Amino acid sequence: MTEATDLAARAGDRDPQVGLRAVAALRRLLEQLEAVQVRSARVQGWSWQDIAAELGVSRQAVHKKYGRQ
């Protein structure tokens with residue numbers, strides 16, 4: 001989690017170049033973490049609806065994004 005903490009700190013930097021790069025890196029990290037958790041939930045038998053509810057999105061959105069992986 002040190003990487004995420006460091007990136008979060010840099011996201012608030014006064015230098016827009018530093019801040020924007022940190023935001024982009026956080027976005028990539030978040031996408032990776034979400035994918036790992038969705039795969040884990042599916043392995044454990046969660047429905048697409050259950051996953052979608054936890055992520056605050058529609059079942060269709062989560063299935064479209066992760067359904068063919």
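Among contacts (heavy atoms within 4.5 Å) between residues at least 6 apart in sequence, 20% join residues at least 24 apart. The model is predicted: local features need pLDDT of at least 70, side-chain atom pairs count only at pLDDT 80 or more, and totals for chains, interfaces and linings use all residues. Residues are numbered from 1 along each chain as its sequence is written, and side-chain values use heavy atoms, leaving out hydrogens and water.

The protein has four helices and zero strands. Helices (H or I, at least four residues) and strands (E, at least two) are DSSP runs, numbered from the N terminus. The order along the sequence is α-α-α-α. The radius of gyration, taken over C-alpha atoms, is 15 Å, well over the 11 Å that the globule rule (2.2 Å times the number of residues to the power 0.38) gives for 69 residues, so the protein is more spread out than a compact globule. Its C-alpha atoms fill a box of roughly 45 × 20 × 20 Å along the principal axes.

Buried residues (under 20% relative accessible area, 1.4 Å probe, protein chains only) make up 20% of the 69 residues. The largest nonpolar core comprises eight residues: A35, V38, A41, W48, I51, A52, V62 and Y66. Such a core is a set of buried Ala, Val, Leu, Ile, Met, Phe, Trp, Tyr and Cys residues joined through side-chain atoms within 4.5 Å. Helices α2 (16-43), α3 (48-55) and α4 (59-66) each give two or more residues to this core. Within the core, I51 touches V38, A41, R42, W46 and V62, not counting residues up to four places away in sequence.

Notes
Buried means under 20% relative accessible area, exposed over 50%, partly exposed in between (1.4 Å probe, protein chains only).
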